[in-house]
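Me: Please take a close look at one part of this model, the surroundings of the ligand. I would like one connected account.

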Amino acid sequence: MVSGCKIGLSILSSDLANLGAECVQMLDSGADYLHLDVMDRHFVPYITFGHPVVESLRKQLGQDPFFDMHMMVSRPEQWVKSKVVAGANQYTYHLEATESPGALIKDIRENGMKVGLAIKPGTTVEYLAPWANQIDMALVMTVEPGFGGQKFMEGMMPKVHWLRTQFPTLDIEADGGVGPDTVHKCAEAGANMIVSGSAIMSEAPRAVINLLRNVCSEAFP
Ligand SMILES: O=C(CO)[C@@H](O)[C@H](O)COP(=O)(O)O
Ligand SMILES: [Fe+2]
């Protein structure tokens, strides 16, 4: 079975000028892991941060927190080494961004990180199938990658359901527009890793995180 329900905080909606303290607060509020959205203004039209920020976060937060790197970048091969040095735990790259997914899976593993493979809303989920037994997690984008606070794309749920049916033990992550009103759709479809940014960065993060986890856990007893 899957490794239980996990709630990941997307830091994209954080006060990036106060990122370390915000991450501490969110982890203290119950977030299971940090989902770090890296953008290169090429694969997506926006730019966020790179390994120096990851390195500073790791230094401030210590070795425990799990850093799930969501690499919204072209040629993801180029950043593997720097991210592991910076302290990343999982390297999630986009299938649309590389010609050689298999070689990249091998390189990520040889560098000691877990492997995530992401698909954009316009990508057919079956394209993930050849790699699904070699990765640790599949990320189904439920918004167009690029920024936080967008509307949840319910039409992506059949992709999650297809993956859960075909690969019962695979971690499946839903990312984008997930909050109290939409998490049940993700969980019912089969997602066990829930990324949320703007919904958690509210006035009651602990309550929102608990709600997300409770709804998700009901689907994965
Ligand atoms: O990768 C992305 C956006 O490109 C996501 O991680 C979002 O940043 C999640 O934020 P919310 O949609 O939950 O506000
Ligand atoms: Fe993300």
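Reply: Ligand 1 is surrounded by 23 residues, the closest being Ser10, Leu12, Gly148, Gly197 and Ser198; a residue is near a molecule if its C-beta atom, placed from the backbone, lies within 6 Å of it. The model is a predicted one, in which local features need pLDDT of at least 70 and side-chain atom pairs count only at pLDDT 80 or more, while totals for chains, interfaces and linings use all residues. Residues are numbered from 1 along each chain as its sequence is written, chains are lettered from A and ligands numbered from 1 in the order in which they are written.

The shell around ligand 1 consists of eight nonpolar, 13 polar and two charged residues. Here Ala, Val, Leu, Ile, Met, Phe, Trp, Tyr, Cys and Pro count as nonpolar, Asp, Glu, Lys and Arg as charged, and the others, Gly among them, as polar. At least two shell residues come from each of β2 (33-39), β3 (67-72) and β8 (193-196). Helices (H or I, at least four residues) and strands (E, at least two) are DSSP runs, numbered from the N terminus.

The unreviewed UniProt entry has a "binding site" annotation that covers His35, Asp37, His70 and Asp175. These residues span 141 residues in sequence, yet no two of their C-alpha atoms are more than 10.6 Å apart, so they gather at one spot. UniProt positions are given in the numbering used here, feature names are shortened, and annotations may be inferred rather than shown by experiment.

Two of the annotated residues can be followed further. His70 lies in strand β3 and counts as buried, with 27 C-beta neighbours inside 10 Å. A residue is buried if 20 or more other C-beta atoms lie within 10 Å of its own, exposed if 12 or fewer, and partly exposed in between, with C-beta atoms placed from the backbone. Leaving aside neighbours within four places in sequence, His70 is in contact with His35, Leu36, Asp37, Val38, Thr92, Ala118, Leu139 and Asp175; contact requires C-beta atoms, placed from the backbone, within 7 Å.

Asp175 belongs to strand β7 (residues 171-175). With 27 C-beta neighbours inside 10 Å, Asp175 also counts as buried. Not counting residues up to four places away in sequence, Asp175 touches His70, Leu139, Met141, Thr142 and Val195.

Strand β7 also meets a helix: the buried residues of α5 (residues 157-166) pack against β6 (137-141), β7 and α6 (183-189).

Methods
Contact = placed C-beta atoms within 7 Å.
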